[in-house]
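Subject: Structure handover: salt bridges

Hello,

Here is the structure for your files. Please open it alongside this note. My notes on the charged pairs follow.

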Amino acid sequence: MEPRRHRRGKKRLLLPLSLLCLAVLVPGTLLATSASASSASPAAAAGGSRKRRWAGFDYYVLALQWPGTICRQTSNCCETNGCCRSKPIKWFTIHGLWPQYNYGGWPSCCRPTKFNINKILMLMPVLEKYWPSLYCGSSSTCFGGKGPFWGFFCLCECADGLPDLRQWETHGTCAYPEIQDEYDYFSTALYLYSKYNVTKALRKARIWPASSRKYAVGHIVAVIEYAFGAMPSLVCKNGSVQELRLCFHKDYQPRDCTFETDKAPNSRSYCPRYVTFPSYKPSVLANATEGISDRANNGELHAYG
């Protein structure tokens, strides 16, 4: 017979993962359901305040990236790079879900594992739209791995632009046993992303992407804190928002993000008092992105688009 704690850990993910299955098959299901059924969250399914097993980290960071800041510097594209689709991405996309330490820093590459893409095939349409690769030229750095994004190679000067499977190797393996496998990792990140809809919260406060429009950092932080009950963290580049990070306790409830020490005016991630959300013109590779755009649109989380 399985230990009682182990059975509870498995039970935690059954309902939210079923919602993700429906999201792929029925457009809009995930967002609409998760927004109205907080009891279906991983935290609620786990029993809320119940004592949980120690997993070697203290909290999660859900890192979201603003495509305009990254994609305006993209010149060479792989076929499926998010920056090279026919239409620019005008919502925050996922960078990763990262276990963190309270005292600073984070674990990485915790368990040697071979990525099993078969476990997340049903999530692919949603991942392609909301977790695309926006960076080029990177490959796995864990356990001597050499595979780029999603473990595929592309014949161009950059890494494949599909969702970043290296996030599982680098960060997801460090969330065990809270997060059990690839499907658990990516579906949990998608659940949090849809429930805590940063793009929608900012638009509601009339914060729109425009290269020439500047917004007060204090206002951005206040909008997110009011919407979700916890303070986010911003990372900037050249006066533009590059990432907005949300933080969560291990029961997936929001918590304030701690401020990184590298926030001096001369640091690369420093945010000035006023920042922009720049737009960009896609660097389209002829006839290369239409297929993935069509597939991505089949896995909808409508409020983000």
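A cut-off comes first: a residue is buried under 20% relative accessible area, exposed over 50%, and partly exposed in between. Please keep in mind that this is a predicted model.

K119 has a relative accessible area of 36%, so the residue counts as partly exposed. Its salt bridges come next.

The count is three salt bridges. K119 pairs with D181 through their side chains, at 3.8 Å from N to O. K119 sits in the loop between β2 (93-100) and α6 (124-130), and D181 in the loop between α7 (166-170) and α8 (182-195). The pair therefore ties together parts that are 62 residues apart in sequence. D181 is partly exposed too, with a relative accessible area of 24%.

K119 also meets E182 in a salt bridge, again at 3.8 Å from N to O. E182 lies in helix α8, while K119 is in the loop between β2 and α6, so this pair links parts 63 residues apart in sequence. E182 is buried, at a relative accessible area of 4%. Taken together, K119, D181 and E182 form a network of salt bridges.

Which residue forms a salt bridge with E243? The partner is R245, with the closest N and O atoms 2.8 Å apart.

Best wishes

Conventions:
Residues are numbered from 1 along each chain as its sequence is written. This is a predicted model: local features need pLDDT of at least 70, side-chain atom pairs count only at pLDDT 80 or more; totals for chains, interfaces and linings use all residues. Side-chain values use heavy atoms; hydrogens and water are left out. A salt bridge is a side-chain nitrogen of Lys or Arg within 4 Å of a carboxyl oxygen of Asp or Glu. Helices (H or I, at least four residues) and strands (E, at least two) are DSSP runs, numbered from the N terminus. Buried means under 20% relative accessible area, exposed over 50%, partly exposed in between (1.4 Å probe, protein chains only).
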